[in-house]
Amino acid sequence: MLFDAAFLDSLPRFVTPLLLAALAGAICHRAAVFNIALEGMMLIGAFSAVAGAYASGTWIGGVAMAMLFGGLAGLAFAWFSIRRGGDDIVVSIGMNFLAIGSTIFMLRLLFDTRGQFDDPGIIAVPKIPLPFLDFQTGLSSLLSNQSVLFWLGLALTFAITFLLRRHRFGLQLRAAGENPEALKTAGLSPDRIRSIAVVISGVLCGLAGAQLSISNVTLFTENMSAGRGWIAVVIVLMCSGRPLWILPTAILFGLIEALGFRIQGLGLPQQFTDALPYVVALVVLAAVLSRKKKSGQIT
Amino acid sequence: MSNQPVSGKAPLCRLSGISHAFGPVQALDDVTIEINPNEILAIVGENGAGKSTLMSVLYGLLQPDAGSIEFEGVIKTFRSASDAISQGLGMVHQHFMLFPGLTVLENIIVGAEGTGATGLIDFQAKISEAQKLINQFGFSLDLKQPVETLSVDSRQQLEIVKLLYRNADIIILDEPTAVLTPQEIESLFSMLRRLRDDGKSIIIITHKLGEVMDLSDRVAVMRQGKKVAERQTAETDRKELSELMVDGTIEPISKTPSTKDAIVLNVRALSVAGAHNRPAVDEISLNVHAGEIVGIAGIANNGQNEFVQALVGLVETNSGNMTLNDRDMTRASVKERREAGLAYLAEDRMSVGLALDATVAENIIAGVENNQTFSKYGFLDFQAIRTHARKLVENFDVRTSGVNQKVSDLSGGNKQKIIVGRELSDSPSLVIAENPCWGVDVGAISFIHRQLLDYASRGTAILLISSDLDELFALCDRLVVFYEGRINAQFDRKDLDIFAVGAAMSGDHQFIKAGGTGQ
Amino acid sequence: MTFARFGKYGSIIALVAVAIAAVVLVPGVNENAMNFLDGAFGGRRNFNFFTTLSRATLIIGMAMSVLVSFRAGLINIGGEGQLVLGGLTAALVGVTLDAPPAVLLPAALVAAMFVGAVWALVAGWFERVAGVPLVVGSLLLNYPAVLFASYLVSHPFRDIDSGLSQSHRIAREARLPKFDGTLLDYGIFLILVVIAVVIVFERRSVFGYRLRMQGFSLPFARSSGFPVGRIYYQTLAISGAIAGIVGFIAVFGMNHRYVDGMLVLPLYSWTGLIAVLLAGMVSWLVPLTGFFFAALGTGAVGIERAADIPREAAQIIQALIILFAAGFGHRLISRGRKGDV
């Protein structure tokens with residue numbers, strides 16, 4: 001009953017933003033940049049997607065705008081933190097603050113509204129039907145009619161894995177994360193590589209935001225990322241930034257969120273189901289990290 | 001002074017009139033030096049003489065304030081290390097520049113992955129290229145192994161392979177022997193000779209004159225940022241070089257044997273857990289008597305660090321016990337151990353020994369802040385603290401603008417003097433000194449050594465952990481060698497032999513005469 | 001151009017630069033500057049000034065909470081959860097405990113401090129025992145705290161007649177008095193005490209000394225024989241307790257009940273944190289920067305009223321100030337080198 005067709009259908013919607021944001025965080029993590037501004041960058045992406053889709057009348061315009069402004073947010077992060085040497089945590093706090101303030105500000109300025117912007121002119125990201133899948137197995141509910149961004153997220157998981165392992169930039173990025181001084185003596189600029197990593201993470205967060213605002217729904221509400229960026233941070237830490245671990249972990253947290261949504265229908269107060277992902281995140285992270293701590297991987 | 005290249009050809013590279021200042025400090029002052037193919041050039045000088053700065057300029061990491069670098073007669077400007085690398089320069093830094101989580105192969109190719117349009121790395125081709133180099137020069141390295149699991153000498157081999165992979169013609173090694181056993185040094189030297197005979201230029205930066213005489217063809221001496229002399233190695237000797245290095249002679253120090261008194265530190269079968277379910281410290285027993293200096297030698301990561309931390313109370317022990325002045329301290333807190341007379345000169349001065357962002361006075365009262373002299377009813381008495389700090393700064397000759405100066409602004413030697421002053425001023429009964437002379441200038445080294453000898457002569461027990469065998473040989477009554485968390489050998493002062501110690505450091509029992517458990 | 005050479009005041013200079021830039025960039029400068037000043041300080045008999053002070057009370061209180069933990073190198077960004085649970089507890093004690101004000105007020109205050117401290121300690125426990133970085137753990141704990149409070153005032157403790165998610169009012173005689181004709185309540189005295197105690201203890205006491213040294217370098221503190229574990233938990237408890245005090249003031253002085261979102265939406269906790277960052281850990285500057293940000297907020301409301309420029313402009317300016325302070329100032333947090341998280 002809990003896992004009926006509607007539930008399976010909803011699952012990718014919960015997974016996709018977490019997956020994209022966690023991949024963004026993973027790239028920074030591997031380059032040893034502690035980016036906890038995922039939340040803010042997602043929010044900027046969500047707003048830009050709505051603005052772009054509304055203004056251009058196309059979903060591509062929305063996604064492109066989300067990627068552009070996500071990337072710009074990443075560029076700003078890179079400039080303040082890497083170029084100017086600001087503390088990662090302080091810059092992250094500043095970026096998250098900037099995201100909340102500026103999206104509400106622009107909501108007023110561009111759409112003259114408070115709280116929420118909702119208009120038929122916002123074009124949604126299309127869903128891909130897979131008619132050949134058998135309806136009986138549930139696979140059809142799960143995979144058919146899911147957003148382009150869901151499939152993009154899956155593809156990016158493997159693409160980023162491949163990039164990290166096999167590509168020049170991926171190798172240099174891991175090296176920058178391991179020992180930036182050594183990279184300098186190898187004649188490369190760790191700052192440049194890390195900055196590129198942060199910009200890429202901004203673009204990915206932009207996509208995550210677009211999934212929230214023009215794919216799951218077609219509207220923007222204030223602070224709509226609602227802590228998902230922090231769940232993504234937890235996923236990154238749990239998986240030590242390895243994309244192939246991030247995918248199942250993001251699915252797990254998507255499942256919890258979807259489940260919470262479900263249980264809410266059964267009469268449990270919304271506050272409890274809303275809190276569920278954060279409590280689970282904290283407990284699971286604690287379990288994973290204390291095992292690593294015991295085996296001496298971290299001190 | 002002979003500047004003629006050995007081969008009679010024009011020099012491969014020439015640095016002329018190089019000057020560089022760090023703020024008010026003139027680190028390099030009009031240095032001119034030539035580098036020839038088929039030659040091993042040694043650059044010697046004390047800490048702070050400017051050797052490393054000169055190499056950083058050559059390697060493009062620093063821009064000179066004045067002077068030029070020529071390659072085969074053409075002036076070049078290096079804006080970064082990559083400019084220098086493409087000119088055929090390669091450098092093995094004193095602290096290895098490796099990526100521990102990456103494999104040997106990945107370490108070799110970072111920054112030289114090839115220039116394909118797609119950026120995809122052709123791992124098959126890279127493996128065969130790298131393997132060819134390894135075979136050609138007789139290295140023993142597994143390309144797939146993660147670097148964090150490599151031994152120190154393998155890491156050094158890897159550094160050299162990295163340079164050869166980039167076709168370096170000029171190979172610079174900064175203090176390459178600091179972390180090696182005598183045996184490993186021998187094999188490194190024969191490898192370097194082979195590279196020289198292969199047409200490479202080798203530059204070795206060192207302050208160990210024995211190695212200079214053993215290895216180099218030509219030697220340049222630096223002192224206070226200037227090149228003060230240059231000699232063909234065959235035409236000089238250790239005595240002349242050492243006088244050139246320090247501008248006069250330094251009284252060599254040596255320990256007068258202690259009369260074995262009461263046991264101050266008594267360690268029984270102490271074990272500390274380590275990574276991968278293997279003990280970092282494996283049932284070590286050791287005594288240190290009053291007035292005795294016991295040295296601990298060993299290659300890095302053989303348990304010395306964990307042993308010291310266990311003695312100070314910074315890590316938990318698994319089993320065994322220790323007493324300090326006959327009081328059981330196995331489960332005692334750091335504070336209790338300190339109150340019982342333990343002093344600790346930490347190897348990591350920047351974060352363990354000092355709080356860099358705090359003032360001189362704040363650093364000096366650490367550990368005694370709660371004494372009645374410095375605080376009443378939980379509040380600090382700044383008057384008393386300043387007076388005490390001023391006195392200590394004066395007694396230990398710390399050069400500072402005042403006790404409210406931030407410690408981060410002080411030089412390495414002065415930082416260490418603050419630690420030495422703080423730790424010794426409370427008349428400790430046991431001093432644990434971990435590489436107390438790392439990175440400090442000659443003056444501070446001899447000051448610290450004299451302090452240690454002085455305290456030992458007054459009955460303080462001293463445990464000296466050092467990676468500098470010369471230091472250990474000069475100061476110790478007794479030397480124990482750590483290997484894989486155990487005491488592999490121990491030597492009395494009269495039995496000290498460099499090769500036997502070296503063998504014990506690398507786990508070899510062949511040369512060891514006096515084995516034992518350190519009683 | 002670098003502000004770093006101005007030392008610890010670099011961030012203040014960055015602030016002035018950004019403020020000037022903001023004034024220059026906003027159209028209709030003079031008019032808006034007047035609107036801003038009016039919103040922050042004006043009104044009849046300077047009514048708005050006292051409103052600003054009232055807001056500043058809470059922001060500075062949260063700033064002191066953050067200052068204590070940051071000073072020890074503990075990046076506790078869970079002030080919001082600690083504040084909310086403190087406020088909630090104060091409100092629940094206020095509406096359930098039937099006692100004279102002389103008993104009720106201290107009881108509510110102590111209860112709020114206790115709960116705030118406990119919530120901070122939970123985050124500390126997750127770091128010390130399980131290795132969850134405090135910055136992540138303390139933040140994650142905000143969500144259950146805020147949602148739990150929301151649940152309690154939406155269901156079991158709801159003032160149903162009001163139709164909103166809020167608790168009942170606390171008795172009139174138990175409320176903190178207000179200054180005549182203003183919204184400013186006597187809670188400001190409590191915060192003045194907090195400021196004084198924090199600054200004096202931090203600079204002068206043995207505990208403050210150890211706390212600062214531990215913030216500079218944990219290994220140093222450990223090898224100097226400080227009781228680092230105890231200091232860690234004590235610091236967090238103090239930090240959380242101060243947040244609890246702020247929650248108490250908001251309930252007993254300002255709203256007289258707990259209203260869902262009343263402590264979250266005005267961003268007291270985050271603004272306090274930013275005030276600490278701007279002051280660059282110079283403790284006596286924190287009340288000033290806290291007041292400045294309070295004025296920025298109320299001034300922006302003034303501009304919004306008069307010129308219809310969204311008040312969130314203030315938030316944007318705050319964010320920019322922090323980013324520039326981070327990029328051009330000195331190290332803003334006492335913690336080890338970059339990347340040691």
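This is a predicted model: local features need pLDDT of at least 70, side-chain atom pairs count only at pLDDT 80 or more; totals for chains, interfaces and linings use all residues.

User: What makes A:Phe80 buried or exposed?

Analyst: The relative accessible area of A:Phe80 is 7%. Buried requires a value under 20%, and A:Phe80 therefore counts as buried.

User: Why is the pair of A:Tyr54 and A:Phe117 called edge-to-face?

Analyst: The two ring centres are 5.3 Å apart, and a pair requires centres within 6.5 Å. The planes of A:Tyr54 and A:Phe117 make an angle of 85°; because an angle over 60 degrees counts as edge-to-face, the name applies. By this rule there are 28 aromatic pairs over all chains.

User: Which parts of chain A does the pair of A:Tyr54 and A:Phe117 tie together?

Analyst: A:Tyr54 belongs to helix H2 (residues 38-56) and A:Phe117 to strand E1 (residues 116-118), so the pair links parts that are 63 residues apart in sequence. A:Tyr54, at 35% relative accessibility, is partly exposed, whereas A:Phe117, at 8%, is buried. Both residues also belong to one aromatic cluster, together with A:Phe47, A:Phe111 and A:Phe220.

User: What makes A:Trp79 and A:Phe80 an edge-to-face pair?

Analyst: Their centres lie 5.1 Å apart, against a limit of 6.5 Å. Their planes are 80° apart, and the class requires over 60 degrees, so A:Trp79 and A:Phe80 form an edge-to-face pair.

User: How do you know that A:Arg108 and C:Glu304 form a salt bridge?

Analyst: The closest N and O atoms of A:Arg108 and C:Glu304 are 3.0 Å apart. The criterion is a nitrogen of Lys or Arg within 4 Å of a carboxyl oxygen of Asp or Glu, so the pair qualifies. Across the interface of chain C and chain A the rule finds three salt bridges, and seven residue pairs are in polar contact.

User: Which element gives the most to the side of chain C that touches chain A?

Analyst: H14(C) does, with 12 residues. That side of chain C divides into 36 nonpolar, 10 polar and eight charged residues.

User: How many residues make the contact, and what area is buried?

Analyst: Chain C contributes 54 residues and chain A 47 residues. The area buried between the two chains is about 4,200 Å², with carbon and sulfur atoms giving 77%.

Notes:
Residues are numbered from 1 along each chain as its sequence is written. Chains are lettered from A and ligands numbered from 1 in the order in which they are written. Side-chain values use heavy atoms; hydrogens and water are left out. Contact means heavy atoms within 4.5 Å. Buried area is the accessible area (1.4 Å probe) that two parts lose on being put together, summed over both. A salt bridge is a side-chain nitrogen of Lys or Arg within 4 Å of a carboxyl oxygen of Asp or Glu. A polar contact is a pair of N or O atoms within 3.5 Å; within protein, one must be able to donate a hydrogen and the other to accept it, and residues adjacent in sequence count only if both atoms are side-chain atoms. Helices (H or I, at least four residues) and strands (E, at least two) are DSSP runs, numbered from the N terminus. Ala, Val, Leu, Ile, Met, Phe, Trp, Tyr, Cys and Pro count as nonpolar, Asp, Glu, Lys and Arg as charged, and the others, Gly among them, as polar. Rings of Phe, Tyr and Trp (its six-membered ring) pair if their centres lie within 6.5 Å; planes under 30 degrees apart count as stacked, over 60 as edge-to-face and the rest as tilted. Buried means under 20% relative accessible area, exposed over 50%, partly exposed in between (1.4 Å probe, protein chains only).
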